[in-house]
2 protein chains.
Amino acid sequence: MKDTVSKPALEARLQAIGAARYHNLHPFHHRLHGGQCTPDEVRAWVINRYYYQSRIPMKDAAFLSRCEDPDMRRAWRSRIEDHDGGIDEGGGIRRWLKLAEAVGLDPDYVASGVGILPATRFAVDAYVHYVREKPLLQAVASSLTELFAPKIHAERIEGLFKHYDFANQSSMSYFQKRLTEAPRDVEYGLSWVLAHADTAEKEDAVCAALIFKTEVLWAQLDALWSAYVEPGRIPPGGWQPGEGLA
Amino acid sequence: MKDTVSKPALEARLQAIGAARYHNLHPFHHRLHGGQCTPDEVRAWVINRYYYQSRIPMKDAAFLSRCEDPDMRRAWRSRIEDHDGGIDEGGGIRRWLKLAEAVGLDPDYVASGVGILPATRFAVDAYVHYVREKPLLQAVASSLTELFAPKIHAERIEGLFKHYDFANQSSMSYFQKRLTEAPRDVEYGLSWVLAHADTAEKEDAVCAALIFKTEVLWAQLDALWSAYVEPGRIPPGGWQPGEGLA
């Protein structure tokens, strides 16, 4: 890995993308963190966001499958380990299922993927395909929403503890863990991107990748809002409140 | 191509999927065909649906690229020809841009793809990836929403002529053409699917493929409704009314 490269102009562009487009700005998150979500809205969020969690290790495996540098693979592999964990204790995915249990859902139902909104699958699968198909620089850059993640995780932990009975050390452990995992990952990814975006064209490609990723996150919340906050708009096949309870 | 195979039970399952899930049931289409859409809602539909049109020949090229049977490639190729047309006259894509002009949009803006909703891209790209990656039987079966298309095209032609000044022979020519193109395509696709779905497992896979495709279509209308019928919900980067006018 190269030494840290400072590129204030590109870093400022990345920060500006986050300030304008990161999903902490979406009204669903205001509603969730402010305690206005109904139990079924929280459940819908947990069910759909599970699909995102479940695809992150597959996305990172797609990345490893294209990465010819063993040093980079060694550094990147921890992302899979964080989410999948070991056979016995599991990782982030199993921590997410603790949250599912805490909000009254059957974790086996959530893990089955039944009831996930098609729009959630399309957005998340677009991310997996992006990392599988785009130039490596863009594949790395698309992970840089982690720059903005610790802030939203901290807001979420605070908001959920304040407003919802289901919040406890066990159910919040996914977010607690991400507070330390995400900064480590993004330090590596950002440093690599800054070192390799050595033309104006590549800098533009990096920004486009980060915008793409913010769209993947935003579209998931739009779909949730449309299906579960607006009345009567659950698409065919989407989870119906009452299904999948523990 | 094999002789026509009759499989009433499988055909009935396919028809039932259409009756429950085809996007003629979506409230956006009721609104469009009933004359309740504002000019900007119509424009948003034309802009976003253009992305679907633009990807159909790429989807069919992905299909050809995987199809080892020259007879099948010869039959399937007309789908690309219908949409792309010849260098001078263009095909369905250029007919769609006539509609764009008729509703007051700059066709070059529409063709640029700027302003297309991320959720539209995710859904449509999911269809292209599906045809590129799934077993050939499912790739063919995913085209069978054409079974239900002539009815919606006829409803649309009638509804748009009745309610909107922009409807004329030129702007409606895309839909008029599809009235004859779609039945020819679906006759071939359905016959092929019925002949090749020779186990219960394959019949289930065919139904899953058709359900997937109905989800691709439905999700596009959910995204349109969320962004342009609900007030104040256009996602970052989405077309803003006033942009791209002729």
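Okay, housekeeping. Residues are numbered from 1 along each chain as its sequence is written, and chains are lettered from A and ligands numbered from 1 in the order written. Because the model is predicted, local features need pLDDT of at least 70 and side-chain atom pairs count only at pLDDT 80 or more, while totals for chains, interfaces and linings use all residues.

So, the interface. 17 residues of chain B are in contact with 18 residues of chain A, where contact means C-beta atoms, placed from the backbone, within 7 Å. On the chain B side, H1 (8-21), H8 (118-133) and H12 (200-229) each supply at least two residues; helices here are DSSP runs of H or I, at least four residues, numbered from the N terminus. H8(B) gives the largest share, 7 residues. By type, that side of chain B splits into 10 nonpolar, 3 polar and 4 charged, with Gly counted as polar and Pro as nonpolar.

Now, how are the copies related? Superpose chain B on chain A and you get a rotation of 180° with 0.0 Å of shift along the axis, RMSD 0.0 Å, fitting by least squares on C-alpha atoms with pLDDT of at least 70 in both. The two are thus related as by a two-fold rotation axis. In chain B, the C-alpha nearest that axis belongs to B:Phe122, at 2.6 Å. And 100% of chain B's interface residues are interface residues in chain A too, so the copies meet through the same surface.

Definitions and conventions: Contact = placed C-beta atoms within 7 Å.
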